[in-house]
Amino acid sequence: MGIKQFIGYALVVLASLVVSAQGSDFAFYKLSLIWPTSACYPLSNCKTPLPTFFTIHGLWPTFANDTAVPAYGPNNRCNANPVGPDAAVARLTPIQDRLNQRWPNLRAGGENSVFWKHEWQNHGICSDYPQDPLSYFNDTLNLATSTKFDPFKALGVQPSNTPYLLNTLLQNVYKNVGAYPQILCSQRSGGALYLREIRFCLTRTKKTPPSVVQSCPTRVAGGCKDPLTNNVHFPPAN
């Protein structure tokens, strides 16, 4: 091996080690919940009937600068010998009924287990649960269905055909939960904004499940840009 090849190889190895170290040094989790009526547009994209409650997108390890920990793979060996996606799903039998209800794959024709594998590969392996997928999914279910993170109570409003000022929603969550969330909006033709997801941020501690709520570093995402001017549709369930 020539000196240039050796240096190049060494840099690749070093970069991999840096990512691995970062992948285990995240600062907080995002608990992301989907409003199906906003996410399923057009309706033909999704299974029907749609759930009339917020469903789970995931529980995501996140760096302090509000970037997601990269998915587990060749460039991010965040944990040694984690449980793989297929094996992870095989361990979820005790909570499969709850997962099917609260953590469904909304896409028409999409299998729920495919969604769970994706979330484990992209987020679960690099969380604090690399060897325990059952606890990772069960803890997420418990957080998402707790009164503490009930989006309707947190937002302080009910779905309506009249849009809400985004800042009103953010302030309501701060008042009711004690921290600002991140609200992700989708934008439809004509520019109308729809509340697609609400994300609660929880500080990473030495214990699981995470329970210490913090304000999300970035309060808006997707089509939403300015809380003081953006009016957001939060449509009633179909």
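Reader: Are Cys-78 and Cys-126 buried or exposed?

Author: The model is a predicted one, and in it Cys-78 and Cys-126 form a disulfide with their sulfur atoms 1.9 Å apart. Cys-78 lies in the loop between strand E2 (55-62) and helix H3 (85-90) and Cys-126 in the loop between helix H5 (112-124) and helix H6 (133-144), so the bond ties together parts that are 48 residues apart in sequence. The torsion about the S-S bond is -85°, a left-handed link. As for accessibility, Cys-78 and Cys-126 are both buried.

Reader: How many disulfides does a search of the whole structure find, and what is the pairing of the bonded cysteines in sequence order?

Author: The search of the whole structure returns 4 disulfides. When the bonded cysteines of the chain are numbered in sequence order, the pairing reads 1-2, 3-4, 5-8, 6-7.

Reader: What is the handedness of the disulfide of Cys-40 and Cys-46?

Author: The sulfur atoms of Cys-40 and Cys-46 are 2.1 Å apart, and the two residues form a disulfide; both of these cysteines are buried. Because the torsion about their S-S bond is about -90°, the disulfide of Cys-40 and Cys-46 is left-handed.

Reader: How many residues apart are Cys-185 and Cys-224, the pair that links distant parts of the chain?

Author: Cys-185 and Cys-224 are joined by a disulfide with an S to S distance of 1.8 Å, and a torsion of about -75° makes this disulfide left-handed. Cys-185 counts as buried because its relative accessible area is 3%, below the 20% cut-off, and Cys-224 is likewise buried at 2% relative accessibility. Cys-185 sits in strand E4 (residues 182-187), whereas Cys-224 sits in the loop between strand E7 (220-222) and strand E8 (231-234), so that the pair links distant parts of the chain, at a separation of 39 residues.

Reader: Which residues of the largest nonpolar core touch the most other members?

Author: Across the chain of 238 residues, buried residues make up 47%, and the largest nonpolar core has 53 residues. Among the residues that Phe-200 touches, leaving out those up to four places away in sequence, are Tyr-29, Leu-31, Phe-149, Val-173 and Cys-216. The members that touch the most others are Leu-31, Phe-54, Phe-137, Leu-155, Ile-183 and Phe-200.

Reader: How are H5 and H6 oriented to each other?

Author: Two packed helices are described by the angle between their axes and the distance between the axes. For H5 and H6, the axes come within 12 Å and cross at roughly 100°. The contact is made by Trp-116, Glu-119, Trp-120, His-123 and Gly-124 of H5 together with Pro-133, Tyr-136 and Phe-137 of H6. Since angles of 65 to 115 degrees count as such, H5 and H6 are roughly perpendicular.

Reader: Which residue does a cis peptide bond join to Thr-208?

Author: Most residues other than glycine have a negative phi, and most peptide bonds are trans. A cis peptide bond joins Tyr-41 and Pro-42, with omega about -5°, and Pro-42 lies in the loop between helix H2 (36-39) and E2. In the loop between E5 and strand E6 (212-214), a cis bond with omega about 0° joins Thr-208 to Pro-209.

Reader: Is Asn-81, with its positive phi, buried or exposed?

Author: Asp-66 has a positive phi of about 70° although it is not a glycine, and at 15% relative accessibility it counts as buried. Asn-81, found in the loop between E2 and H3, has a positive phi near 50°. Because its relative accessible area is 67%, over the 50% cut-off, Asn-81 is exposed.

How values were computed:
Residues are numbered from 1 along each chain as its sequence is written. This is a predicted model: local features need pLDDT of at least 70, side-chain atom pairs count only at pLDDT 80 or more; totals for chains, interfaces and linings use all residues. Side-chain values use heavy atoms; hydrogens and water are left out. A disulfide is a pair of cysteine sulfur atoms within 2.5 Å. Buried means under 20% relative accessible area, exposed over 50%, partly exposed in between (1.4 Å probe, protein chains only). Helices (H or I, at least four residues) and strands (E, at least two) are DSSP runs, numbered from the N terminus. A nonpolar core is a set of buried Ala, Val, Leu, Ile, Met, Phe, Trp, Tyr and Cys residues joined through side-chain atoms within 4.5 Å. Contact means heavy atoms within 4.5 Å. Axes are lines fitted to C-alpha atoms, for helices over the stretch in contact, and angles run from 0 to 180 degrees between N-to-C directions. Angles under 35 degrees count as roughly parallel, over 145 as roughly antiparallel, 65 to 115 as roughly perpendicular and the rest as oblique.
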